[in-house]
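Me: I have a model open and want to learn how to read its packing. Can you take me through it feature by feature?

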Amino acid sequence: MDRRAKQNPTTRQSGISRRRFLGGAAAVAAPAAIGIGGLLAAESRPDRAAAETLGHGGHGAGAGHAEFPHANFAKDRSVDHARNGFHPTELLRDFDYGRTRRLASGRVLREWEIVAQDREIEVAPGVSYEAWTYNGRVPGPTLRAREGEALRVRLFNASEHPHTIHFHGVHSAAMDGMPGIGEAAGGGQVEPGESFTYEFDASPFGVHLYHCHVAPLASHISRGLYGAFVVDPRQGRPEADEMVMVMNGFDTNFDLSNELYAVNTIGFHYVDEPIAVARDELVRIYLVNVLEYDPVNSFHIHGNFFHHFPTGTSLTPGELTDTIVQGQAQRAILELNFPYDGDYMFHAHVSEFAELGWSGFFRVGDPARLAAADAAALYCELPWGGGSPS
């Protein structure tokens, strides 16, 4: 299957690379800023094009937020979350516990229905992306169960393409969502219009993920077929303000290189809408990296440290730190408290990722008590986020 077969013609013709993505978006919004001649000349000098378009250098230096607000990519534009059918702020704390019933043996059976479907979503203001989704959203629903429960997940493929669900966990080969294995029982690759039910036990406890495993694998994952899968330990965990962060990115022009990076799909969303948390309350983050086309991703918190539980399979943290690095499919539980009111940035500690969308803020305490020029607003005022976060 050619991953370029269903690309957006408008995006394909624009020739926007990852380093020109945001500058190009701003140029479309206000081409008069550098003029047609400037745009043509800038095309051969992409680094200068981005700088000049965003208000650096000799063309309107210092304009920054007033002309091209980075958190919206283009002036007076924002992502239509209602049209997308999901909202990143709501995704944070949206755990899908499915339906449960008790079996004759006394065990709990937990069930879900997942529909694979093709859907166009807006990943940045004015930037449409032909996604392949689970239940119409990217990432897919965060499935949550308790260790030892019996799980049943029915996949119905309403897409134009074959798909599967591959769960990271312990299960039989027939339940692995791997093409070529289990077809005799109706499993393996699930063709359009067909369905299959995965059955396995919730084990081990921790934070895991699921994704499609049909080739070409990079296409099926990068298009949006993934989600988080949380298995709570039998004894539970301490009460906390819990949230899920799925680190992802989007190759919007299908050149095998991401033009946009994010947590929960929409770049800079948590700059526009900082995550509200209470002072001194335990915050627990289920962090999953599904980023395709880049070998590693990272998470860094400002003004604080967190306890790091790799894969969440131990109740004892592995370290106290403020930065971790993850390869694709690595995941972790992060626990922290915020002792002071204020705005605290979190972002990928790769400057390019941060400047292309993977940035956000925690807002701690009562916003009315914070300074008027709070950190999130000030970040937007600086030209292109003020350069490289640290």
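**Charges, rings, sheet and cores**

Reply: Start with a charge over a ring: the charged end of Arg223 sits over the ring of Trp132, 4.5 Å from its centre. The rule asks for NZ of Lys or CZ of Arg within 6 Å of the ring centre and within 35 degrees of the ring normal. Arg144 also lies over a ring face, that of Phe95, at 4.6 Å from the ring centre. This is a predicted model: local features need pLDDT of at least 70, side-chain atom pairs count only at pLDDT 80 or more, and totals for chains, interfaces and linings use all residues. Residues are numbered from 1 along each chain as its sequence is written, and side-chain values use heavy atoms, with hydrogens and water left out.

Me: How is a pair of aromatic rings described?

Reply: By the distance of the centres and the angle of the planes. Rings of Phe, Tyr and Trp (its six-membered ring) pair if their centres lie within 6.5 Å; planes under 30 degrees apart are stacked, over 60 edge-to-face, the rest tilted. That rule gives 19 aromatic pairs here. Take Phe167 and Tyr198: edge-to-face, 6.2 Å centre to centre, 70 degrees between the planes. Phe167 is in strand S7 and Tyr198 in strand S8 (residues 195–201), so the pair ties together parts 31 residues apart in sequence. Strands are DSSP runs (E, at least two residues), numbered from the N terminus.

Me: Are Phe167 and Tyr198 buried or exposed?

Reply: Both are buried. Buried means under 20% relative accessible area, exposed over 50%, partly exposed in between (1.4 Å probe, protein chains only).

Me: Which strands form the open sheet?

Reply: Five strands, in the order S1-S5-S10-S9-S7, with mixed pairing. Two strands pair if DSSP finds at least two bridges between them. The edge strands, S1 (95–96) and S7 (166–167), each pair on one side only. S1 and S5 (residues 142–146) run in the parallel sense over two bridges. Asp96 stands opposite Leu143 in S5.

Me: How many residues are in the largest nonpolar core?

Reply: It has 29, and Met245, Ile285, Phe299 and Phe362 have the most contacts inside it. A nonpolar core is a set of buried Ala, Val, Leu, Ile, Met, Phe, Trp, Tyr and Cys residues joined through side-chain atoms within 4.5 Å. Apart from it lies another core, of 27 residues, including Leu91 and Phe250.

Me: Which residues are linked into a cluster by ring pairs?

Reply: Tyr270, Phe299, Phe306, Phe338, Tyr344, Phe346, Trp358 and Phe362. Within this list, Phe299 is buried, at 1% relative accessible area.

Note on methods. Helices (H or I, at least four residues) and strands (E, at least two) are DSSP runs, numbered from the N terminus.
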